[in-house]
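Hello,

Here is the structure I said I would pass on. Please open it first, then read my notes below.

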Protein chains: 2
Amino acid sequence: MAVGDATFPEMPAIAGVRLGTAMAGIKKPGRRDLVVIEAPAGARMAGTFTRNAFCAAPVTVAREHLASGEAPRYLVINTGNANAGTGETGLRDARATCEELARLAGVPAEAVLPFSTGVIGEPLPMERLLAGLPAALRGLGEGATAWRQAGEGILTTDTRAKGASVTLEIAGETVTVNGIAKGSGMIQPNMATMLAFVATDATLEQGLLDALLRETVERSFNCITVDGDTSTNDACMLISTGRGPTVEGDEAITVFRNGLVRVMTELAQAIIRDGEGATKFVTLQVEGATTRREALDVAFTVANSPLVKTALYASDANWGRILAAVGRAPVEAFDVDRVTIDLGEVRLVEQGGRAPGYTEAAGSAVMAREEILIRIDLGRGEASATVWTNDLSHDYVSINADYRS
Amino acid sequence: MAVGDATFPEMPAIAGVRLGTAMAGIKKPGRRDLVVIEAPAGARMAGTFTRNAFCAAPVTVAREHLASGEAPRYLVINTGNANAGTGETGLRDARATCEELARLAGVPAEAVLPFSTGVIGEPLPMERLLAGLPAALRGLGEGATAWRQAGEGILTTDTRAKGASVTLEIAGETVTVNGIAKGSGMIQPNMATMLAFVATDATLEQGLLDALLRETVERSFNCITVDGDTSTNDACMLISTGRGPTVEGDEAITVFRNGLVRVMTELAQAIIRDGEGATKFVTLQVEGATTRREALDVAFTVANSPLVKTALYASDANWGRILAAVGRAPVEAFDVDRVTIDLGEVRLVEQGGRAPGYTEAAGSAVMAREEILIRIDLGRGEASATVWTNDLSHDYVSINADYRS
């Protein structure tokens, strides 16, 4: 299942960013499961990673290499195996992957960052993985096909590839931001989603690149949840090739930030629309909170409530479950009489109970939609947050009772 | 679905505690849905209630009456309607219910405590409810049948009535503790479960009664979760008739506390075994934590993970999901290399990865059982906690996509 239609966009090339894929037989035969992304010499990268304490071996190695001072040139991503919960063997395998790619490409091992996604706790099939690297390197290309195939090559339980692209004008020149992402289950990223790779030809100073990545991830990937489960492998990388105009000065930074947010948000939302078993796309908008953290806490409590999620699946305007979830959110000195809850354009709750004008027919009409907005005003402050989620369907249970992830 | 067999026990009478039921047509015709519990003059009661900010009208009124100084004599419980999210009307209805029962029984209204469970947000059908009270009063009885029928009269999506009873010897005399409870979904109580009523003939001073209720609820009902959703109506009442021996002195208090814990724990576990769609009963034992709060946080993070719960449903020894859930628990400065995870007698995880001796066959053999123990040692302290939960099945989705609760 998945919500709505989604076509992978025709991505413009970003000069110097080349992507290659291979069918290495890691996941299953005849499927792209190995991706190499090459950045040109002089490119800068910023990365954010999972906060799961059991982070995967490739996350540890990617962090080390990013901090090594060596300029990163290659990202190598395999699907079908997360190389997580694999202890020392996992670290050795992640390092060996980088070393082999570095040898083939003629760069230091620290210039290669590894990423894995798939089943947790199985050793990486190193022989097949290493054997696939030459084909991925031979296939490196800049065009739309290379971007689309890379988008396909990182998927696990996803039913479709996820890409987003914007073109901006900065200092009179055209700048492109392209991104691909994957993720469908074990999704409540805490720092970055499962895997996302975003590139731009704009030139950004390293500190600005880092700051913009953190800031935009906070407003996009960190605002989605499928099942409240934070993965061991979450990572989001942002590449600046440095070949385009320089992003500096308030105006240019604002233009670039807005474009980046748009790409990140489209990718994050694409993950929710393709969430495991999803039949609904739900926007939770919490307003009137004391702090953004409080707004996020309320939004995530509602978004992760199995009872709210099953009601959404059933298209049941069961506002009592929304109210109960809001009521158990970790909010100090909560005055429920000031809370209002709206479902689309229909007022559900005010003054601690059902809104006077509410009718079941009006609520049901909104719930029948495929895209639903739930707006919660806490009536106690000025802070707000928006979180995107989906429903809990029979297919979610089937997928996760059958698939070993 | 439900885990294992469960027969409602043959409860001995507790002199002066009488229970009566009626079929008032609140839930559906021909089903017990109204219960009155009478305590004798001179009885003492203690109560704990939900911490959901949107607490139901009967919870507000029960709290008020308990604090009024008037000795409580009657509990009146309806199922089929939670009288939650009903604003001022709900409060009026809860008070009117107490007043009518008080009038019929010849006591002040403050001596009556109201409880409701069922669908949220619909007004109580007052005419039918009030019309049922005389029949419930006429039917008051002390024996095993009265306890069983009261156990049936408080159910919602539960598939079976839940009762527990112990007899103890205190000061050379026999003391009985009887309890009934209900709850199947919207279960992660925060103070007390959906509804539980426990009575004893032992005599306890009010402060001790309050303290023992809080303490034993903390170790029983507050350690279970079906779906992480805290209800608007949770309440647990403990009645001491004051007709039996007095519980005083360390030895007697220990004997009584242990008996009370046993009744509470049996009731709490019965709720989990009968959790919505449950096919497995799972004990999560977290040890080696810095504080009990930390142990509970880890246990509840694993217990509420949809990915762990669907793996349990599938009898899939998917230890990677347990590891990922432990890793995202809110624990500061978490050294995963010190963590061990055991599934029954099988070591799954040590030193940050799969235990060397682990085999899929051994893991699967444990997962195939109906009752499963998961033991997590954080290796960082002396505190521990035990939490009980169940799996996430297709039936959970069906029940909650079909039932308006």
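Strand 6 and strand 7 (residues 173–182) of chain B run antiparallel and are joined by 9 bridges. One pairing to look up: B:Ile170 has B:Glu173 in strand 7 of chain B as its bridge partner. Bear in mind throughout that this is a predicted model.

Now the sheet around that pair. In chain B, 5 strands form an open sheet, ordered 3-10-8-7-6. The pairing is mixed. Which strands stand at the edges in chain B? They are strand 3 (44–49) and strand 6 (162–170). Each has a single partner strand, so one side of each is left without a neighbour in the sheet. From one strand to the next, the twist averages 10°. Helix 1 (residues 57–67) of chain B packs on this sheet. That helix touches strand 3 and strand 10 (235–240) of chain B. Its direction makes about 145° with that of strand 3 of chain B.

Next, chain A. Here too there is an open sheet of 5 strands, in the order 3-10-8-7-6, with mixed pairing. Strand 3 (44–49) and strand 6 (162–170) of chain A are at the edges. Each of them has a single partner strand, so each has one side without a neighbour in the sheet. The twist averages 10° from one strand to the next.

Strand 8 (residues 195–200) and strand 10 (residues 235–240) of chain A pair in the parallel sense, over 6 bridges. A:Leu195 has A:Ala235, in strand 10 of chain A, as its bridge partner. Helix 1 (residues 57–66) of chain A lies across strand 3 and strand 10 of chain A. Helix 1 of chain A runs at about 145° to strand 3 of chain A. Helix 5 (residues 206–218) of chain A packs on the sheet, touching strand 3 and strand 10 of chain A. The direction of helix 5 makes about 35° with that of strand 3 of chain A.

Then the interface. How many residues of each chain are in contact with the other? The count is 55 residues of chain A and 55 residues of chain B. The area buried between chain A and chain B is about 4400 Å². Carbon and sulfur atoms give 59% of that area. Across the interface there are 2 salt bridges. One of them joins the side chains of A:Arg354 and B:Glu122, at 4.0 Å, N to O. Between chain A and chain B, 11 residue pairs are in polar contact.

What supplies the side of chain A that touches chain B? Helix 8 (306–313), helix 9 (319–328), strand 14 (353–354) and helix 11 (394–402) of chain A each supply at least two residues. Helix 9 of chain A gives the most, with 8 residues. The residues on this side of chain A divide into 23 nonpolar, 21 polar and 11 charged.

Last, salt bridges in the whole structure. B:Glu152 lies in helix 4 (residues 144–153) of chain B. B:Arg32 is in the loop between strand 1 (18–22) and strand 2 (34–38) of chain B. The pair therefore ties together parts that are 120 residues apart in sequence.

Best wishes

Notes:
Residues numbered from 1 in each chain as written. Chains lettered and ligands numbered in written order. Predicted model: local features only at pLDDT ≥ 70, side-chain atom pairs only at ≥ 80, totals over all residues. Heavy atoms only, no water. Pairing = 2+ DSSP bridges. Helix = DSSP H or I, 4+ residues; strand = E, 2+ residues; numbered from the N terminus. Axes fitted to C-alpha atoms, helices over the stretch in contact; angles between N-to-C directions. Contact = heavy atoms within 4.5 Å. Buried area = accessible area lost by both parts, 1.4 Å probe. Polar contact = N/O pair within 3.5 Å; in protein donor to acceptor, adjacent residues only side chain to side chain. Nonpolar A, V, L, I, M, F, W, Y, C, P; charged D, E, K, R; others polar.
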